[in-house]
Amino acid sequence: MNYLTLFRQHKVIRDLSLVQFIAYFGAWFSNVAIYTMLVNFGSSGLTIALVTAMHFLPAVLIAPFSGAIIDRFKIKPLMLTLLLVEFVMTLLFLTIENQSQVWLLMVFIFIRMSAASIFFSTEMSLLAKLLKGEALQKANEIHSIIWSFCYAAGMAVSALIVNYIGIKAAFIVDSLFFITAFLVFVRIDFVVKASEVQDKIFKLIKDGFIYIKENKVIMHLIVLHASVGITSFDTLITLLAKNEYKYVISVPLAIGISNATRAVALMIGPFLISKYINRNNLHYLLVFQGITIILWGLTQFNFYISLISMFLVGLFTTVLWSYTYALLQDKCDEKYLGRVISYNDMFFMISCIVTTLFIGLMASLTSLDIITVLLGLAFIVFAYYYTRILKWI
């Protein structure tokens, strides 16, 4: 099955993909504006890392509750409400005027990303209810490709708007994406089996943890998927733009072009690599991911050469993310999908937060290239870990 066949056979996947496209474009459109604003405020590396971490922290704190909510309530009204929350929080970014209000920015980001996290987990749970097997893997890859394209296009277009029009203009445009996604999603019709879960929220949370604890393969796949969180490079890219590349190109353009280059590779990677990946050779993909990150660290001294290395980094990341996610979805009982996916996202975001804070703290102790090399070596460790758990998968 290819992507066009999936679209022809499942109209709802086409419709959901359009919503993904609009919402994810909006999700990444703000980032260049946010990080440029922090640089303009003269924020420290640790402050930038904390703001970045605030993008990931909600998924950690609310995961047990969001999983229970997803398994307990109707999907469509829930997702529509979440899109409205993202719209309002994005508008509130306009109220941030100086460094003393960065804490308020963190609050707005936290609320928006809480909604985005639940929306994402709900959507991944919905896909697993609509599709199985190869079709589900292809849907995950389409999801990843859309995410990657929106990451690239969103960052690139936002960089131009921030650089030539202004930060607030970018926030206004960004809010319009979420209200558009809401209007499109209202018109989508899909039918999934009504939830049979009627237990109270805290019992659902407890049962979800027990299910994961008693299923060793689920636990291992959650840890394996969390490895992709090591590629959370927003703080690293911002610090490179702030400390190194500002002498070559403006800060917003350095951030936007760097992220866009990687994201183009994220989009291309599944077309080139996914058909060659299976359970028996996934560890090689982890090794190649580590090697490309190390190469990026060794070439960061030159902005333009580093773009080539960053492109190579992106080629492997999307395939690694979508394949490990599909393995988890396939092994999980449908009754627990919402909770398992939320807990999976929680561990993934913990990985992102640890990576982000590691970069922010280490930046005051050593050079950015050494930090990058250490992140690459972590993937070599995860490759070994996968060879040890393969018998359960």
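Aspartate 15 and lysine 11 form a salt bridge, with their closest N and O atoms 2.8 Å apart; the term denotes a side-chain nitrogen of Lys or Arg within 4 Å of a carboxyl oxygen of Asp or Glu. The model is predicted: local features need pLDDT of at least 70 and side-chain atom pairs pLDDT 80 or more, while totals for chains, interfaces and linings use all residues. Residues are numbered from 1 along each chain as its sequence is written, and side-chain values use heavy atoms, leaving out hydrogens and water.

Because aspartate 15 and lysine 11 are four residues apart in helix 2, about one helical turn separates them. Helices here are DSSP runs (H or I, at least four residues), numbered from the N terminus.

Helix 2 (residues 11-40) packs with helix 8 (residues 167-186) at an angle of about 165°, their axes being 9 Å apart; axes are lines fitted to C-alpha atoms over the stretch in contact, and angles run from 0 to 180 degrees between N-to-C directions. Helix 2 is therefore roughly antiparallel to helix 8, a term for angles over 145 degrees.

Lysine 168 lies in helix 8 and glutamate 97 in the loop between helix 5 (75-92) and helix 6 (102-130), so the pair ties together parts that are 71 residues apart in sequence. Lysine 168 is partly exposed, with a relative accessible area of 35% (partly exposed lies between buried, under 20%, and exposed, over 50%, with a 1.4 Å probe and protein chains only).

Methods. Helices (H or I, at least four residues) and strands (E, at least two) are DSSP runs, numbered from the N terminus. Angles under 35 degrees count as roughly parallel, over 145 as roughly antiparallel, 65 to 115 as roughly perpendicular and the rest as oblique.
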